Amino acid sequence: MQSPRHETGPPDLTTPEGFGAFYEDHIDAVLGFVTRRVADPHLAADLTADIFLAAMGSAGTYRGHRGAPVAWLFGIARNILSGHARGRARESGALARLSGRRLLDDEDVAALEERIDAQRAFRDLAERHAALSEPLRAALDLVVLDQLTPAEAAQALGVTQATVRVRLHRARRALRASGPVSESQLEVAR
């Protein structure tokens, strides 16, 4: 193991040669610092690389009068390792929260699928409803949604009861022609 050169000024990380020399001088010390705290060799290599990248990015903050470059690197290393530990803690917490949830059984899945299918059918019917002309939609809404009788709907629309019945018939026919509609959906409109 080669003994590190003791630098008195800020490390020159602005050139490939300066960074290469700085890296060679301190890699063993930083790797030792990391491997004393991390058991996984791949993680140790990744964290060591992150430390030197961070050092390269903050080379302008090194002040020679405050201590040796290795101490400055160890400060960066502590920050990188702390950030990694916080990330792992968040990940573990998320996994713990997820594992605390109950899994869906076949009944739950079937119920959800049924609900999704019903919502899909509703969205489809709503699109077809929106495609109806306004007079057909108004008659249908008053009878189906507002549960008025055709006579009451005629009064609300200011038309005859026969006109409402014709509009309801045309609305049902248009809904059937544009796709499947259940009999219960159509019966409400009768």
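This is a predicted model: local features need pLDDT of at least 70, side-chain atom pairs count only at pLDDT 80 or more; totals for chains, interfaces and linings use all residues.
Before the first pair of helices, one term: an axis here is a line fitted to C-alpha atoms, for helices over the stretch in contact, and the angle between two axes runs from 0 to 180 degrees between N-to-C directions.

Let me start with the overall make-up of the chain. Its secondary structure comes to eight helices and zero strands, and, read from the N terminus on, the elements run α-α-α-α-α-α-α-α. Of the 190 residues in the protein chain, 26% are buried. If we take the contacts between residues at least 6 apart in sequence, 49% of them join residues at least 24 apart.

Now to the first pair. Two packed helices are described by the angle between their axes and the distance between the axes. Helix α1, which covers residues 16-35, and helix α2, which covers residues 41-57, have axes that come within 10 Å and cross at roughly 135°. That angle makes α1 oblique to α2, and the crossing of the two is right-handed. On the α1 side, the residues that meet α2 are Phe19, Phe22, Tyr23, His26, Ile27, Val30, Leu31, Val34 and Thr35, while α2 contributes Ala44, Leu47, Thr48, Ile51, Phe52 and Met56. Sorted by class, the residues of this contact divide into twelve nonpolar, three polar and no charged.

Is Thr48 buried or exposed? Its relative accessibility is 4%, and because buried means under 20%, Thr48 counts as buried. Thr48 lies in helix α2, and, leaving aside residues up to four places away in sequence, Thr48 touches Ile27, Val30, Leu31 and Val34.

In soluble globular proteins, nonpolar side chains tend to be buried together. In this model the largest nonpolar core has 18 residues, and those with the most contacts inside it are Val34, Val38, Ile51, Phe52 and Leu73.

The axes of helix α5, residues 134-145, and helix α6, residues 150-157, come within 9 Å and cross at roughly 130°, which makes α5 oblique to α6. α5 passes α6 in a right-handed crossing. The contact is made by Ala138, Ala139, Leu142 and Val143 of α5 together with Pro150, Ala153, Ala156 and Leu157 of α6, and its residues divide into eight nonpolar, no polar and no charged.

How does α5 lie against helix α7, residues 161-177, and at roughly what angle do their axes cross? The axes of α5 and α7 come within 8 Å and cross at roughly 100°, so α5 is roughly perpendicular to α7. Here Pro135, Leu136, Ala139, Leu140 and Val143 in α5 meet Val164, Arg167, Leu168, Arg170, Ala171 and Leu175 in α7. By class, this contact has nine nonpolar, no polar and two charged residues.

Terms used. Residues are numbered from 1 along each chain as its sequence is written. Side-chain values use heavy atoms; hydrogens and water are left out. Helices (H or I, at least four residues) and strands (E, at least two) are DSSP runs, numbered from the N terminus. Angles under 35 degrees count as roughly parallel, over 145 as roughly antiparallel, 65 to 115 as roughly perpendicular and the rest as oblique. A crossing is left-handed if the near helix is turned anticlockwise from the far one by less than a right angle, and right-handed if clockwise. Contact means heavy atoms within 4.5 Å. Ala, Val, Leu, Ile, Met, Phe, Trp, Tyr, Cys and Pro count as nonpolar, Asp, Glu, Lys and Arg as charged, and the others, Gly among them, as polar. A nonpolar core is a set of buried Ala, Val, Leu, Ile, Met, Phe, Trp, Tyr and Cys residues joined through side-chain atoms within 4.5 Å. Buried means under 20% relative accessible area, exposed over 50%, partly exposed in between (1.4 Å probe, protein chains only).
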